[in-house]
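Here is a colleague's note to be read beside the structure. Please keep the sequence and the model at hand while going through the points.

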Amino acid sequence: MTSRRHLRLSVLPLMLGLVFFAASLTPSLIPRNWIVQGLLGGVVMALGYMIGRFILTLWRQMDLPVLRGRFATAAHVSIALPVLFIVALSLAKVDGWQNGIRARMGMPLLDNTHALRMILLAVAVFAVCFIIGWLVQVAFDRLRHLLYRVMPQRAANVAGLILVAFSLFVITRDGLVDLAMGALDQSYKTAQELFDTAPPAPQNPRIPGSDASFVDWGAMGQPGRNFVTGGPDAEAIAAFTGRPALDPIRVYVGRAEDDDPQVRADRALAELKRLGAFERRVLIVASPTGTGWLDPGSHDVVEYMHGGDIATVAVQYSYLQSPLALIFETEAGLDQATATIRTVHDHWKTLPEGDRPRLYIHGLSLGAWSSMYGTDLFRLLDEPIDGAFWTGPPFPSALWRSAMRERNPGTPYVVPKVAQGELIRFASHFDSPGDPAGWGRMRILYLQYSSDPIVFYEPSSLWRAPQWMREPPAPDVSPDLRFMPIVTQFQLVMDMALATTAPAGHGHSYYAKDYIAPWVAVTNPANWSDADSARLADHCDNGFKKGCDND
């Protein structure tokens with residue numbers, strides 16, 4: 001009897017679940033295909049149903065009046081009809097909503113979003129969640145009935161709830177840990193395979209990892225090897241600028257070089273000295289993403305605009321994808337960025353001011369997060385760096401959040417203005433950093449796409465609309481985006497998971513030519529014009545999307 005009662009759907013909670021499902025069909029920041037939409041819709045529908053059941057149970061526990069018989073039937077019908085109309089209306093609009101985002105991002109429009117498949121998947125997901133909930137309810141009922149034999153009913157109910165909740169926590173925790181450890185094992189296995197299949201070390205002594213180098217080629221890993229051997233050379237840069245050029249210096253120290261982040265930083269400094277990096281015009285300390293990857297689209301363009309008279313150094317701190325690195329190796333990235341920046345800056349500030357390169361800090365995504373942490377502005381007051389350029393800063397970044405809090409009232413949240421722009425500026429794919437002439441001694445710039453959920457996700461979106469949702473939408477954000485408590489939170493979480501699937505120039509997929517204006521503003525290259533920037537942008541378009549070196 002009890003099991004049958006629990007297996008039966010409750011009408012009012014189901015209506016709330018359908019409202020959640022309809023709300024999940026509305027657009028968010030990143031386009032969704034039918035599989036993603038079905039998964040999202042099924043989960044939030046189950047969540048809505050669970051909330052409805054909780055409210056209904058609470059209502060009954062408070063002994064509030066409950067409609068019965070034909071009055072209950074009439075109430076159910078009066079609620080179900082408008083809810084079903086809302087669901088039908090949302091299903092009719094879902095194609096237009098998704099195509100609206102795709103059109104703004106320059107993606108091909110969909111003729112068919114496979115609405116029927118999406119609905120069936122959502123129902124299947126809801127059914128699985130419902131059965132899991134039913135099993136939990138059965139376990140709770142049996143446990144509390146056993147406890148009735150040894151303690152009062154009220155105490156047994158509380159004890160049963162605590163025991164079931166604790167059991168669920170242990171089961172899900174162990175399951176999540178197993179999944180995470182499996183992902184870690186696979187990541188490290190992949191990393192090891194990259195070392196095992198490393199090509200022969202370079203013969204050119206000017207490349208890190210050669211016999212003359214302080215850096216171990218075998219410990220560098222594929223991201224590092226691609227970085228130091230990629231990018232434009234002096235010939236390619238000279239062909240583009242029409243002026244003599246130098247081969248850019250790129251230094252990379254792999255995570256396998258040593259377990260101590262300070263040792264890796266010292267090794268990077270030694271290699272910089274060996275290659276004469278402190279004799280170049282510009283020196284960039286870059287922090288890679290979790291896997292050790294550095295975006296060629298950023299580094300290629302800045303090497304072109306400085307005629308190759310530039311050096312870049314990066315030190316790897318993890319082999320994991322950025323989300324896993326953030327969770328399981330949080331301190332590793334922070335410690336490495338701090339050690340690298342401090343080590344390079346300590347040597348740089350000993351050099352005569354007129355004979356040292358201009359020093360900049362750079363990072364993308366998790367690299368931006370870690371290098372912001374490592375950039376201690378108070379420590380730099382005696383010998384300030386020349387600037388920092390951070391791309392796609394993740395929303396927890398303390399320095400970024402502090403800058404956002406200081407934005408001038410009335411300026412757009414996605415691209416704010418801070419004071420008069422003497423120290424901190426923001427840019428996007430639709431807004432330039434402004435006139436470089438207005439900058440102060442140190443130039444700090446954030447590049448953030450208005451459709452990037454990694455930047456603009458807010459945990460508080462569970463119960464209130466994020467600030468950017470309360471303003472007119474940016475050009476690549478759908479005007480149909482609406483806030484709904486709980487549902488919006490799940491949409492934005494899904495957006496973060498899909499952020500890098502957006503086309504170049506949107507979401508978390510930063511595009512080479514969008515780095516050009518920020519690098520010009522921050523580093524102020526000599527003999528560089530707006531026409532040069534336009535030609536470099538065309539060069540990026542003619543090359544591949546995320547890098548400019550197509551030689």
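The numbered points below go from the basis of the model to the whole chain and then to single elements and residues.

1. Basis of the note. This is a predicted model, in which local features need pLDDT of at least 70 and side-chain atom pairs count only at pLDDT 80 or more, whereas totals for chains, interfaces and linings use all residues. Residues are numbered from 1 along each chain as its sequence is written, and side-chain values use heavy atoms, with hydrogens and water left out.

2. The chain as a whole. The protein chain contains 18 helices and seven strands, where helices (H or I, at least four residues) and strands (E, at least two) are DSSP runs numbered from the N terminus. Of its 551 residues, 50% count as buried, a term that means under 20% relative accessible area, with exposed meaning over 50% and partly exposed the range in between (1.4 Å probe, protein chains only). The protein chain exposes about 26,100 Å², of which carbon and sulfur atoms supply 61%; these areas come from the Shrake-Rupley method with a 1.4 Å probe, and for residues only the protein chains shown count as cover. Among contacts (heavy atoms within 4.5 Å) between residues at least 6 apart in sequence, 73% join residues at least 24 apart.

3. Gln-98. This residue has its place in helix H4 (residues 69-104), and Gln-98 is buried, with a relative accessible area of 4%. When neighbours within four places in sequence are left aside, Gln-98 is in contact with Leu-25, Pro-27, Pro-31, Arg-32 and Gln-37.

4. Tyr-49 and Phe-126. A search of the whole structure finds 13 aromatic pairs, counted where rings of Phe, Tyr and Trp (its six-membered ring) have centres within 6.5 Å, with planes under 30 degrees apart called stacked, over 60 edge-to-face and the rest tilted. One of them joins Tyr-49 and Phe-126, whose ring centres are 5.8 Å apart with planes at 85 degrees, so this pair is edge-to-face. Because Tyr-49 lies in helix H3 (residues 34-61) and Phe-126 in helix H5 (residues 115-147), the pair ties together parts that are 77 residues apart in sequence. Both residues are buried, and ring pairs link Tyr-49, Phe-126 and Phe-130 into a cluster.

5. Phe-227 and Tyr-252. The rings of Phe-227 and Tyr-252 have their centres 6.3 Å apart and their planes at 55 degrees, so the pair is tilted. Since Phe-227 belongs to helix H7 and Tyr-252 to strand E1 (residues 249-253), the pair ties together parts that are 25 residues apart in sequence. Phe-227 counts as buried at 5% relative accessibility, and Tyr-252 is buried with a relative accessible area of 0%.

6. Helix H7. In this helix (residues 221-229), Gly-221, Gly-224, Arg-225, Phe-227 and Val-228 are buried. They cover an arc of only 160 degrees around the axis, which puts them on the same side of H7; the arc is that of the directions from the helix axis to the C-beta atoms. H7 is followed by Gly-231, which has a positive phi near 85 degrees.

7. Strand E2. Six of the six residues of strand E2 (residues 282-287) are buried, so that the strand is mostly covered. Val-282, Ile-284 and Ala-286 point one way from E2, while Leu-283, Val-285 and Ser-287 point the other way. E2 pairs in the parallel sense with strand E3 (residues 310-315) over five bridges, where pairing requires that DSSP finds at least two bridges between two strands. In E3, Ala-314 is the bridge partner of Ala-286.

8. Helix H17. Seven of the eight residues of helix H17 (residues 516-523) are buried, so this helix is largely enclosed by the rest of the structure. What covers the buried residues of H17 includes E2, helix H10 (296-305), strand E4 (358-364), E5, strand E7 (443-447) and helix H18 (530-542). Just after H17, Asn-524 takes a positive phi of about 45 degrees.

9. Ser-397. This residue is found in the loop between strand E5 (387-391) and helix H14 (398-405), and Ser-397 counts as buried at 1% relative accessibility. Not counting residues up to four places away in sequence, Ser-397 touches Trp-369 and Met-372.
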